[in-house]
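User: I would like a close look at one part of this protein. Please keep it brisk.

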Amino acid sequence: MPPPPLLPRLAPTPAPAPRARDRGAGALPSPGGRGRQALLAVARARGKDEASFTDRILDYIEGGPKLRRWYGAPDLLPKDGGAEDEEAESPDIEEPRDAVLVTDGDSEIGQMVILALILKRARVKALVKDKRSTEEAFGTYVECMVGDIEDKSFTKKALRGVRAVISPVDDGFFSEPIDLKGVEHIVLLSQLAVYRNSGGLQAIMNSKLKKLAERDEEVVLASGIPSTIIRTGSLQSTPGGERGFDFTEGVAAKGRISKEDAATICVEALDGIPQKTLIFEVANGNEKVADWKAWFAEQIKRDEEIK
């Protein structure tokens, strides 16, 4: 069976769309309702014979120049010149703090977060191991950062121009001493409850991840930066948007949640910045959330009243 169409059908001879630079910096046209559904469809692999999420999203975005022209983005720069060289020559250049940094952008959930940010027209930076693959996949929509987080000069460069950090996996990003000066919001997706609830062989396998998750939470809580810590149930490679949620205390230890739903919550959390720290648990359940911005505002208000 041929794969579903990856883009809304265009007219045979469409009028050329204005390029991103003509519409203003960072502008990204919205694909609209139908386009959004097509994008999310690409992020779902339901049958045995279908490709993984990563393969499908790469197939989608690797439409290459045609896709970039449809979105009005400039063509990719050649590998041996352009912006990268200029940045290397001016390491201390000041940038407006309007970017969102995604840690572990190579992971499945990391790419889901990146896609959701692109749909929100956010400026995205991502820590990746394979820069070439990520650039070929996301093109000019993502600034790929490759390096050692223990290297202070690298983390300084990675955090330049960043207003918020989303850490969608327990990768130990915050376990190393990092200068987070200027960052306005941290969104940490934590599976600490899952690791603590595991036993036997699974507990041994998760011991390192448990330590990283504990350290990440400790550092984020002590940072003094407004933070949202989302303690999820076990992450599942299942379609998102089909079930509701359960925010009951203790649900993260034994519950499950779609990676796509978890990625959505991470991105929606950017619209609700707490004064200090908002911590909640979530798994898939029966509660529907129609307006995430209002939901986060209510949780922040309730949390502040309790404190």
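Which residue forms a salt bridge with Asp 98, and how far apart are the closest N and O atoms?

Analyst: First, the ground rules. This is a predicted model, in which local features need pLDDT of at least 70, side-chain atom pairs count only at pLDDT 80 or more, and totals for chains, interfaces and linings use all residues. Residues are numbered from 1 along each chain as its sequence is written, and side-chain values use heavy atoms, with hydrogens and water left out.

The partner is Arg 123, with the closest N and O atoms 2.7 Å apart. A salt bridge here is a side-chain nitrogen of Lys or Arg within 4 Å of a carboxyl oxygen of Asp or Glu. Asp 98 sits in the loop between helix H5 (83-89) and strand E1 (99-102), and Arg 123 in strand E2 (residues 123-127), so the bridge ties together parts 25 residues apart in sequence. Helices (H or I, at least four residues) and strands (E, at least two) are DSSP runs, numbered from the N terminus.

Now the exposure. Buried means under 20% relative accessible area, exposed over 50%, and partly exposed in between (1.4 Å probe, protein chains only). Asp 98 is partly exposed at 37%. Arg 123 is partly exposed too, at 26%.

Arg 123 also meets the side chain of Glu 143 in a salt bridge, at 3.7 Å from N to O. This pair links distant parts of the chain: Glu 143 is in strand E3 (residues 142-145), Arg 123 is in strand E2, and they are 20 residues apart. Glu 143 is partly exposed, with a relative accessible area of 22%.

For contrast, take a local pair. Glu 136 forms a salt bridge with Arg 132, the closest N and O atoms being 3.2 Å apart. Both are in helix H7 (residues 131-138), four residues apart, which means they are separated by about one helical turn. Glu 136 is partly exposed at 35%, while Arg 132 is exposed at 52%.

Finally, the wider setting. The count comes to 10 salt bridges. The protein chain has 14 helices and 10 strands. Buried residues make up 44% of its 307 residues. A search of the whole structure finds zero disulfides (pairs of cysteine sulfur atoms within 2.5 Å).
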